[in-house]
Amino acid sequence: RKFSMIRRLLLTASFAILGAVAFTSKAHAQAAPDEMMVPFEAIIGSVCQLSNPIQGNLVEAGGALTSDPTETGAARGKIDVECTGANTISVAAPVAVQVPPGFSAASAQAALFEDGNPIAIADSIGNTGTVTTGSVATLEVEMQVTQGGGVFPPGVYQYNVPVTATPN
């Protein structure tokens, strides 16, 4: 009986030792780390923003309604333009919002000025310009409408001048 008990004790001890060795080897054996790079990319395009339009003032001068500041009472309109990259700035012919009945414009022109210098003109040629990137440029908008003869009928004359800033 003693022998049988010692045998059981040895058998139990050997299982315990084998189990400990088996778990220890598994606990210490680690898989090699797996590494992979995650790529990132950005493509940032140019953006243009128009803001703060200020109304101009038209006066009758020389058979035309004009905002030419050399004419008493006339004033150019203004608009701020900010572009983050290459750009094209353009202006289109004035669009009548309200004119007196019977009035018909013979021609309508508009121009953009930066620091007093013309940068874009809306006429039969349709010139365009650019503004410096990364800063706000305040552009002046000048317009002129001529009548096909005679005097301007009395009434209210309202026009909008489309200004477009296109990122390139």
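1. Tyr157 is buried at a relative accessible area of 17%, where buried means under 20%, exposed over 50% and partly exposed in between, computed with a 1.4 Å probe on protein chains only. The model is predicted, so local features require pLDDT of at least 70 and side-chain atom pairs pLDDT 80 or more, whereas totals for chains, interfaces and linings use all residues. Residues are numbered from 1 along each chain as its sequence is written, and side-chain values use heavy atoms, with hydrogens and water left out.

2. The structure holds three aromatic pairs (rings of Phe, Tyr and Trp, the last by its six-membered ring, with centres within 6.5 Å; planes under 30 degrees apart are stacked, over 60 edge-to-face, the rest tilted). One of them joins Phe103 and Tyr157 edge-to-face, at 5.2 Å centre to centre and 90° between the planes. Because Phe103 lies in the loop between β6 (95-98) and β7 (105-114) and Tyr157 in the loop between β9 and β10, the pair ties together parts that are 54 residues apart in sequence. Strands here are DSSP runs of E with at least two residues, numbered from the N terminus. Phe103 is also buried, at 11%, and Phe103, Phe152 and Tyr157 form one aromatic cluster.

3. Glu142 is located in strand β9 (residues 136-147). With 15% relative accessibility, Glu142 counts as buried. Its side chain makes a polar contact of 2.6 Å with that of Arg76 (N or O atoms within 3.5 Å; within protein, one able to donate a hydrogen and the other to accept it, and residues adjacent in sequence counting only if both atoms are side-chain atoms). Beyond four places in sequence, Glu142 touches residues including Ser67, Asp68, Gln109 and Phe113, contact meaning heavy atoms within 4.5 Å.

4. Gly56 sits in the loop between β1 and β2 (59-61) and is partly exposed, with a relative accessible area of 30%. Leaving aside neighbours within four places in sequence, Gly56 is in contact with Ala75, Arg76 and Gly77. The C-alpha atoms of Gly56 and Val141 are 7.7 Å apart, although 85 residues separate the two along the chain.

5. The largest pocket holds about 540 Å³ of space (an open set of points on a 1 Å grid over the protein atoms alone, with protein on both sides within 12 Å along at least five of seven lines, a 1.4 Å probe, and lining residues having an atom within 4 Å of a point). Of its 21 lining residues, Gln55, Gly56, Tyr159, Asn160 and Val161 are the closest to its centre.

Technical notes:
Helices (H or I, at least four residues) and strands (E, at least two) are DSSP runs, numbered from the N terminus. Grid points are joined across faces, edges and corners, and a volume is the space filled by probe spheres set on the points.
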